[in-house]
Amino acid sequence: MNDTPTAAPMREDFLTQLRRVAADRMATWCSETELPCGLFHATELGGEVGEVLNVVKKLHREAQSWRGSRATVADLAEEIGDVVVCLDKLAAYYGIDLAQATAAKFNATSEKVGLPHRLPTEQSAKGFNRFDPPGLWESEPRSGANDAGKVIR
């Protein structure tokens, strides 16, 4: 029996488990301070995407037999994993279901360009409707979002 607080209580899909375990880890990691805000998560994501691009640059350099530092596909896999974790932390902060938001955007693009490919979505999921978690901008007044997800100040 596993008494670890991050163990899955029952069968969860990967993104649900990632969100739960990452939230638990973040609460432990930041136990002495306030949890990170949306701006922190967005900046962290940007840094991780930059690391992905750096590895891809090195893989391209390798493919061209150019001189310079090297990277492997395993390095790329590690950095892509970081991007997924950071992306879900940002989505969680704003109350976005990453799987539903991704499926909705994928389907909207297929519709827009006239392709039949669709991903299943939950009818009840709104996707982008929650904008204002506590502590978003410490120095700014609280805001809300209308039904289209547009910020209202």
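**Entry 1: a term first.** For the angles below I need one convention: axes are lines fitted to C-alpha atoms, for helices over the stretch in contact, and angles run from 0 to 180 degrees between N-to-C directions. Two packed helices are described by the angle between their axes and the distance between the axes. I also keep in mind that this is a predicted model.

**Entry 2: H1 against H3.** I looked up helix H1, residues 14-29, and found that H1 and H3 pack at an angle of about 80°, with axes 10 Å apart. Angles of 65 to 115 degrees count as roughly perpendicular, and H1 and H3 are therefore roughly perpendicular to each other. Next I listed who touches whom: Leu15, Leu18, Arg19, Arg25 and Met26 of H1 meet Val84, Val85, Asp88, Lys89, Ala91 and Ala92 of H3. Sorted by class, this contact holds seven nonpolar and four charged residues, with no polar ones.

**Entry 3: H2 against H3.** How do the axes of H2 and H3 cross? Helix H2 spans residues 38-63 and helix H3 residues 73-93; their axes come within 9 Å and cross at roughly 160°. The cut-off for roughly antiparallel is over 145 degrees, and H2 and H3 are therefore roughly antiparallel to each other. I noted the hand of the H2 and H3 crossing as well: left-handed. The residues making this contact include Leu45, Val49, Val52 and Leu59 on the H2 side, and Leu76, Ile80, Val83 and Tyr93 on the H3 side. By class, I get 15 nonpolar, two polar and seven charged residues for the contact of H2 with H3.

**Entry 4: Tyr93.** Is Tyr93 buried or exposed? I found Tyr93 in helix H3, and its relative accessible area is 13%, so I call Tyr93 buried. I then checked Tyr93 against Leu39: the two are 54 residues apart in sequence, and their C-alpha atoms lie 9.9 Å apart in space.

**Entry 5: the whole chain.** I stepped back and counted four helices and two strands, which run α-α-α-α-β-β from the N terminus on. Of the 153 residues in the chain, 24% are buried. The accessible surface comes to about 11000 Å², and carbon and sulfur atoms own 59% of that. Last, I looked at contacts between residues at least 6 apart in sequence: 45% of them join residues at least 24 apart.

Conventions:
Residues are numbered from 1 along each chain as its sequence is written. This is a predicted model: local features need pLDDT of at least 70, side-chain atom pairs count only at pLDDT 80 or more; totals for chains, interfaces and linings use all residues. Side-chain values use heavy atoms; hydrogens and water are left out. Angles under 35 degrees count as roughly parallel, over 145 as roughly antiparallel, 65 to 115 as roughly perpendicular and the rest as oblique. A crossing is left-handed if the near helix is turned anticlockwise from the far one by less than a right angle, and right-handed if clockwise. Contact means heavy atoms within 4.5 Å. Ala, Val, Leu, Ile, Met, Phe, Trp, Tyr, Cys and Pro count as nonpolar, Asp, Glu, Lys and Arg as charged, and the others, Gly among them, as polar. Buried means under 20% relative accessible area, exposed over 50%, partly exposed in between (1.4 Å probe, protein chains only). Accessible areas come from the Shrake-Rupley method with a 1.4 Å probe; for residues, only the protein chains shown count as cover.
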